[in-house]
Amino acid sequence: AAAKEGNWTLFKKRLHEASLTFDDFNSLPPGRSFGVLHQIAYHGALEALQFALEHYPRIDLKMRTKQGQTAAEVAAEERNTGPFLDYLRERLALQ
């Protein structure tokens, strides 16, 4: 819920408390269209993306939403380009 709401302070707290797992990043929650990564992309939250990848470097950046969009496509659709999309694309190239 923290990522969906764009509450990055709570998101970071949950990462530190280890209440989010690797599976939370690489699966869609039941009944939801977006995963955590897609919510980060929707909000264009560069710091949250960097923080998440520091803690979970094997996040599947190619994972698709229920509608078939990648995080990069979600970010572009929401006009979250520039530094966010540049960083995401750099990390994608490493996967």
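Colleague: Is Phe 84 buried or exposed?

Modeller: Phe 84 is buried, with a relative accessible area of 4%. Buried means under 20% relative accessible area, exposed means over 50%, and partly exposed is in between, with a 1.4 Å probe and protein chains only. This is a predicted model, in which local features need pLDDT of at least 70 and side-chain atom pairs count only at pLDDT 80 or more, while totals for chains, interfaces and linings use all residues. Residues are numbered from 1 along each chain as its sequence is written, and side-chain values use heavy atoms, with hydrogens and water left out.

Colleague: Where does Phe 84 lie?

Modeller: In helix H7, residues 83-94. Helices are DSSP runs of H or I with at least four residues, strands are runs of E with at least two, and both are numbered from the N terminus.

Colleague: And what does Phe 84 touch?

Modeller: Leaving out residues up to four places away in sequence, Phe 84 touches Ile 40, Ala 41, Gly 44, Ala 45, Leu 46, Leu 49 and Ala 75. Contact means heavy atoms within 4.5 Å.

Colleague: Ile 40 and Ala 41 are in H4, I think. Which residues of H4 are buried?

Modeller: Val 36, Leu 37, His 38, Gln 39, Ile 40 and Ala 41. That is six of the eight residues of H4 (residues 36-43), so the helix is largely enclosed by the rest of the structure. Just after H4, Gly 44 takes a positive phi of about 65 degrees.

Colleague: How buried is His 38?

Modeller: Its relative accessible area is 0%, so His 38 counts as buried. Beyond residues up to four places away in sequence, His 38 touches Leu 28, Met 63, Arg 64, Thr 65, Gln 69, Thr 70, Ala 71 and Val 74.

Colleague: Take Thr 65 from that list. Where does Thr 65 lie?

Modeller: In the loop between helix H5 (46-55) and helix H6 (71-77). Thr 65 counts as buried, at 5% relative accessibility. Apart from neighbours within four places in sequence, its contacts are Leu 28, Ser 33, Phe 34, His 38 and Val 74.

Colleague: Change of topic. How many salt bridges are there?

Modeller: The count comes to one salt bridge. The rule asks for a side-chain nitrogen of Lys or Arg within 4 Å of a carboxyl oxygen of Asp or Glu. Here the side chains of Arg 64 and Glu 73 meet, at 3.7 Å from N to O.

Colleague: What about charge over the chain as a whole?

Modeller: There are 12 positive and 12 negative side chains, and the centres of the two sets lie 3 Å apart. Lys and Arg count as positive and Asp and Glu as negative, while His and the chain ends are not counted. Each charge is placed at NZ of Lys, CZ of Arg, CG of Asp or CD of Glu.

Colleague: Back to the fold. How many helices and strands does the chain have?

Modeller: Seven helices and zero strands.

Colleague: Why does the radius of gyration agree with a compact globule?

Modeller: With 95 residues, a compact globule would have a radius of gyration near 12 Å, and the protein chain has 12 Å. The radius is taken over C-alpha atoms, and the globule rule is 2.2 Å times the number of residues to the power 0.38. The C-alpha atoms fill a box of roughly 30 × 25 × 25 Å along the principal axes.

Colleague: What share of the residues is buried?

Modeller: Buried residues make up 39% of the 95.
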